[in-house]
Amino acid sequence: MNKPILFILAGLMACLPLWVAAQDPDAPYLAGAVPEKEGRVVFTKEFVIPGMQQEMIYQRVLTYLEERMAENENTSRVVYQDPAAGKMAAMGEEYLVFSTSALSLDRTLVNYQISVACAPETCSVEIEKIRYTYREKEKYTAEEWISDKYALNKAQTKLVRGLAKWRRKTVDFANDIFAGTAAALSASLTAPVKEPDLVPATHTTNTGPVVIEVSTAVTPQIAIQPPVPVTPQVREPEVFQPSATVPPTTALPVGKDMDGYRQVPPDRLPGNIIKMLNDDWMLITAGNEEQFNMMTASWGGLGVLYGKPVAICYINPARYTYQLMEKGDTYTFTFYTEAYREALQYCGSHSGRNEDKVAGSGLSPLATPDGSMAFSEAWLIIECKKLAAQSLIPEAIYDEKIKEQWAGKPMHKIYIGEIVNVWMK
């Protein structure tokens, strides 16, 4: 065989792996498609927008996130905004559909967090804390379900059959968010921002920065200022005229930041409080660093009393937490993502009287600057100071079924606490 033919064959053999990869529909989902940072699955995309100022970048990304979260407004929201620092965060919940037909629907609910950092001409978007709820009962994390360690074979050349659909849909989901961000950053000022269709699988998320070509209709040197919020004018009933000395319900942060948290005013509390309590639950923690206890709760509320922002909870005297609530002046409400459901179930079924409840739950205690106790796994911490309390009595209950249910049993005590601090991740 002459040398030219040998060279041709050698070239074809060298190109064969590339051709095979191009024919493999799972190639975009193999090693590296699900990036990890310190053992956590974190999808990251950097955007470069030459000539665009930070204010414009921030407002465009915020508008896109608010529109995306509005599709599931009861469970998704932008939970943190800091225009001056160029930072924002959102917590979302939506469905990933694996397959659908006239007779069946295979899908999973996915919870996630988006963090955005904007600066002049650049923007960084991270998607993390991905959690799945499948068939309402099965719960998984991205780290244990779609990472290279679990979702790829040992040679990292194929997807594991049972986990393949989860990995594909999650990578496409992350690409969709990044594509929506890119569209928002590149859109004309006069054109509405339309979220694009799902990005094709060939677009992976772990490539380098995306350079955005801004439409010629945009003047990059002009900063778009965020809209000034308008406070609705609410007319008070004629029967109640608050004194001029009553403090406003919007308390400004007083600089009591904690590691990993940002302090926000009480009137910026995010989310649907009914869902957060009834479906997601919270922990009530009373006491101080020397002695404290937490209990799972799904009863409570938020409101205003005597011109102060307040949080309401109900604790039965049989609870160990009740003793600590009676002794102290402050306490906390803490809220968690679905990933900590088991920890909350544990806290609701074990007593701190007889065991080390903190160790059993696996949660990490955290003291606030004022000495109240919370846990660093919480995405939201509300610190309260006791304002009023009253024990319920059977005569106060109008529902006959409830009255009958609690006949002869100790009834709950209502605690109304002034919200003195709020922290969010």
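## Helix packing and salt bridges

In this predicted model, helices α2 and α5 are oblique to each other, where angles under 35 degrees count as roughly parallel, over 145 as roughly antiparallel, 65 to 115 as roughly perpendicular and the rest as oblique. Helices (H or I, at least four residues) and strands (E, at least two) are DSSP runs, numbered from the N terminus. Residues are numbered from 1 along each chain as its sequence is written. Because this is a predicted model, local features need pLDDT of at least 70 and side-chain atom pairs count only at pLDDT 80 or more, while totals for chains, interfaces and linings use all residues; side-chain values use heavy atoms, with hydrogens and water left out.

**The α2–α5 pair**

- The axes of α2 and α5 come within 9 Å and cross at roughly 135°; axes here are lines fitted to C-alpha atoms, for helices over the stretch in contact, and angles run from 0 to 180 degrees between N-to-C directions.
- The crossing of α2 past α5 is right-handed, a term for a near helix turned clockwise from the far one by less than a right angle, left-handed being the anticlockwise case.
- On the α2 side the contact (heavy atoms within 4.5 Å) is made by I57, R60, V61, Y64 and R68, and on the α5 side by F173, D176, I177, G180, T181, A184, L185 and S186.
- These contact residues divide into 7 nonpolar, 3 polar and 3 charged, with Ala, Val, Leu, Ile, Met, Phe, Trp, Tyr, Cys and Pro counted as nonpolar, Asp, Glu, Lys and Arg as charged, and the others, Gly among them, as polar.

**Salt bridges**

- A salt bridge is a side-chain nitrogen of Lys or Arg within 4 Å of a carboxyl oxygen of Asp or Glu, and by this rule the count comes to 16.
- E126 is buried, at a relative accessible area of 18%, whereas K37 is partly exposed at 33%; buried means under 20% relative accessible area, exposed over 50%, and partly exposed in between (1.4 Å probe, protein chains only).
- R68 and E94 meet through their side chains in a salt bridge of 3.2 Å, N to O; R68 lies in helix α2 (residues 54–70) and E94 in strand β5 (residues 87–100), so the pair ties together parts that are 26 residues apart in sequence.
- Both partners of that pair are buried, R68 with a relative accessible area of 5% and E94 with 17%.
- D148 and R167 meet in a salt bridge of 2.7 Å, N to O, and because D148 lies in helix α4 (residues 148–151) and R167 in helix α5 (residues 161–186), the pair ties together parts that are 19 residues apart in sequence.
- D148 is buried at 15% relative accessibility, and R167 is buried at 0%.
- Salt bridges that share partners also join R68, E94 and D176 into one network.

**Buried residues elsewhere**

- V422 lies in strand β19 (residues 413–424) and is buried, with a relative accessible area of 1%.
- V422 and I381 are 41 residues apart in sequence, yet their C-alpha atoms are 5.7 Å apart in space; when residues up to four places away in sequence are not counted, V422 touches R262, Q263, V264, P266, L269, L380 and I381.
- S361 is placed in helix α9 (residues 357–361) and counts as buried at 11% relative accessibility.
- Helix α7 (residues 320–327) has Y320, T321, Y322, L324 and M325 buried, and the buried residues of α7 pack against β11 (282–287), β12 (292–297), β14 (308–315), β15 (330–335), β18 (380–391) and β19.

**Positive phi in loops**

- E121, although not a glycine, has a positive phi of about 70°; E121 is in the loop between β6 (105–119) and β7 and is partly exposed, with a relative accessible area of 38%.
- Y306, also not a glycine, has a positive phi of about 55°; Y306 is in the loop between β13 (301–305) and β14 and counts as exposed at 64% relative accessibility.
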